[in-house]
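Biologist: I would like to go through this structure term by term. Please set each value against its definition.

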Amino acid sequence: MPNNNNSSSTIIDNNNNNNNNNVLNNNNFESNYTIISDSKYQQYPLLKNDVALDNNKNSENHAKTFTIGEETQEYNFPRWSIQNHIGKFHLLKSNDLLEQHLQALKQYEEEQANKSFIQKWIPGADFILQNCMKKDPSVHSENFVVDSSINNHSASINFGGNNDHQQHTTNIYYNNNNHNTTTINKNNEINNNLIINHEEQQLDTKNDDLYNPLVNPEPLEPKKEHLLGQLAATAICGNDITSSCLYVIGVCISYAGIWSPICLLFVSILLFLFRSIYAEVGSAITLNGASYTLLLNTTSKMTASLAACLTIISYVATAVVSGTSAIEYLKQIPGCENIPLIPGTIVLLGIFMILNLIGITESAAAAVFIFVTHILCLSILTVYGFLHISVVNQFDILVRNWNDMQSTFDAVGIAKAIFFGFGAAMLGVTGFESSANFIEQQKPGVFPKTLRNMWALVSFFNPILCFISLCALPMQTLTDPTQNASLLSLVGRVAAGKWLQILLSADAALVLSGGVLTAYVGIVGLIRQMALDRAFPSFFLKVNALRKTNHFIIITFFILCVSMVSILNGNIDSLAGVYTIAFLSVMMLFAMGDLLLKYKRSQLKRTKRAKKTVIIISIFGVLCALLSNILVNPEYLKYFAIYYSICAATVLIMFWRVKILKFIIYIVYSKLKDLKIGNFITKLLVKQAKEINAQSFIYFTKNDPISMLNKAILYVRDNELTDWLRIVHVFKTPKNEEEFLLKEQIIDRMRRDCQKLDEIYPRMRIDFIAIESENGFGPDVIRLIENRLGVRKNLMFISCPSHRFSHKVSDLGGLRIITNDFTYH
């Protein structure tokens, strides 16, 4: 296999032929371990041999596989190395890590304070200055301490691989004590052939074995943020769900006619059932992300990511439907009648794109003002509407509409009207899931109250205003496609006059525009989280240097919204159909996720529980509504499939990108191997594939048996693109000799288990890190590990905690639950 390193490689040779490379004898090879000593604990051997050896294979052929030279050109194809990855064992103290972190943080703050005005405010200034300044290369070989504050170090150098994290050229350890690193053979004789002086070999700090601190060290204290109370939280999600009555009533009447209030009542009953489902999930997993977070902790990562694509389509449809309806209501205001629908909607979407690019997002105070104003306007319409239909027309129009519908008063006609009307009426509860998207920002106990408040508002206003509409306007007007998008403004004009129509139109334009802003904020949060989880391309995480906003996400979302408006020609019925399909799919998956939560995470602590019969009835109700929307116009499904396939294809490419790169490498090498450009492309693609797999992941274990550790490894192999897993065991400082000996036995047993697993999975590096902490496992040590080891919390896993666990899952910062059989207590 080609090796781009200039360093030596380790070759197994049964004939003991010496060459320029280091040679290991097969008789003593299997017992070669690296020892790291600690003053307090006994010595433990590290986990891995340097090179994999299959005794059943011919050793000569095996050696040729790793040899670079003209005599072995037939083995030069750049396939993945079968060399074992070098597992390590580390015994650390949280106090030492904390001291190192504080020194690194102090140094970083001093560097930021000493930056010039140009470096602070001109984008790319640091990059230009760093690359323009010449450094003395002779100094570089000695400068291998990541944090200048750390003076004690030792280096362990291993052979036999390329310069990626899988076969580290250099392993650097930072501890308070000086550690001696050697390699011993079966007879406990020191083998100095595998030790290279750092003066002869340039150390690679980029591939530091243990420590890879965050580029910008962060304070360990959790950020204090203002938590939302009941009114503010209800306002943010209530604006979304209460604004739906502005367009859902007309759509529902178009399908159900006189029976539309009954359809809306059925929706209210179904929403009442979903209250307990959302409440249970929110109490068990108090994390932002709604259905994506729920499925990520109960199913595979791919399933959760594909489900999140439905939420993305829902956000796109939310922005488009809200924007289109806002323009329709705006046209009811004098002086705005000639605003074109499609260009006006695109301009509105563009305005909010600019606002998000410059960093103006949702404000709780503004949301409360819009919410209170909107509820007040709906209340005024309700009062004047009842006065009008009871005093002025005395239900004459309702009787006339009833008579016009008598031709359909048979069992089949009524059932058909209610069935399709129920499906359309589900559009009126869109936004009910939005409260779960910012549950971490709500005060304890507020989330169930927001669900209750949203249900009460929808259950009151939607059926009442629908009934008033049937009593105020004739059926021909109610079912007119050009009128039902701004139906309530017409009802206001009939009930109280022009002033109420203008008031309702202005209120509708304002609150629906707020729905567009909500969609932008929601999509940025979701795509950011998926990009951090490596389910979307990492370029979505890039922020502009001026306003620190994710411009790629915002601009891409704007393009998707504009395309949907253009393709569907601004037709509110078509837009509502796509929106409803996406929203109902998300609700159904959420209910299914709750069932999985009961089955797979039954011991997880929660304060609310939904009955299984309630969940099954809810799934059946949503399935009926989904089927109704598909049957009423199959074209909606086609448009939905187009946008979903775009998102799903992106997710699948991200999951299969290493396999795709391997296939491209094979094609390029087989066709262009004799050309320089072919070798260049091949090396570039191999480097890219290795960089993808270079990300390490962490699995926290308390005292898991080897079967549970194996289960965690299988999950990582199936769900993540990596070949490096760090199994971390955090334990309290022993108080006496008995506890010390017990903990020593546990660590030794887990180390040996990790050694076995590391041998079982030759293409995966499995490290075992034991960390002594005064307080044991908890949020503080997790934040410390994140900063010092450079692994984000969303790339850390844990087995399912029991109800006796002292911390909430949300307190751990978003650790993913991947196993269930062995629990933290």
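Modeller: Start with two helices. Ile-370, Thr-373, His-374, Cys-377, Ile-380, Leu-381 and Tyr-384 in α12 meet Trp-499, Leu-500, Leu-503, Leu-504, Asp-507, Leu-510 and Val-511 in α18. Contact here means heavy atoms within 4.5 Å. By class, that contact has eleven nonpolar, two polar and one charged residues. Nonpolar covers Ala, Val, Leu, Ile, Met, Phe, Trp, Tyr, Cys and Pro; charged covers Asp, Glu, Lys and Arg; the others, Gly among them, are polar.

Biologist: What kind of model is this, and how are residues numbered?

Modeller: This is a predicted model, with residues numbered from 1 along each chain as its sequence is written. Local features need pLDDT of at least 70, side-chain atom pairs count only at pLDDT 80 or more, totals for chains, interfaces and linings use all residues, and side-chain values use heavy atoms, with hydrogens and water left out.

Biologist: What is the angle between α12 and α18, and how far apart are their axes?

Modeller: They pack at about 145 degrees, with axes 10 Å apart. Axes are lines fitted to C-alpha atoms, for helices over the stretch in contact, and angles run from 0 to 180 degrees between N-to-C directions. The crossing of α12 and α18 is left-handed. That term applies if the near helix is turned anticlockwise from the far one by less than a right angle; clockwise gives right-handed.

Biologist: Why is α12 called oblique to α15?

Modeller: Helix α12 (residues 364-392) and helix α15 (residues 446-472) pack at about 40 degrees, with axes 10 Å apart. Under 35 degrees counts as roughly parallel, over 145 as roughly antiparallel, 65 to 115 as roughly perpendicular, and the rest as oblique. Therefore α12 is oblique to α15. α12 passes α15 in a left-handed crossing.

Biologist: Which residues make the contact between α12 and α15?

Modeller: Among them are Phe-371, Ile-375 and Leu-378 of α12, and Leu-457, Phe-461 and Ile-464 of α15. By class, the contact has 14 nonpolar, three polar and no charged residues.

Biologist: What makes Ala-425 buried?

Modeller: Its relative accessible area is 0%. Buried means under 20%, exposed over 50%, partly exposed in between (1.4 Å probe, protein chains only). So Ala-425 counts as buried. Ala-425 is found in helix α14 (residues 411-425). Leaving aside neighbours within four places in sequence, Ala-425 is in contact with Val-248, Cys-252, Cys-263, Leu-264 and Val-267.

Biologist: How do you know that Val-316 is buried?

Modeller: Val-316 has a relative accessible area of 1%, so it is buried. Val-316 lies in helix α10 (residues 301-330). Helices are DSSP runs (H or I, at least four residues), as are strands (E, at least two), numbered from the N terminus. Beyond neighbours within four places in sequence, Val-316 is in contact with Phe-557, Leu-560, Cys-561 and Met-564.

Biologist: Why does Arg-534 count as buried?

Modeller: Arg-534 has 15% relative accessibility, so the term applies. Arg-534 is found in the loop between α18 and α19 (551-567). Arg-534 also has a positive phi of about 70 degrees, although it is not a glycine.

Biologist: What is the phi of Ala-290, and where is Ala-290 found?

Modeller: Ala-290 has a positive phi of about 55 degrees and is not a glycine. Ala-290 is found in the loop between α8 (260-284) and α9 (291-296). With a relative accessible area of 10%, Ala-290 is buried.
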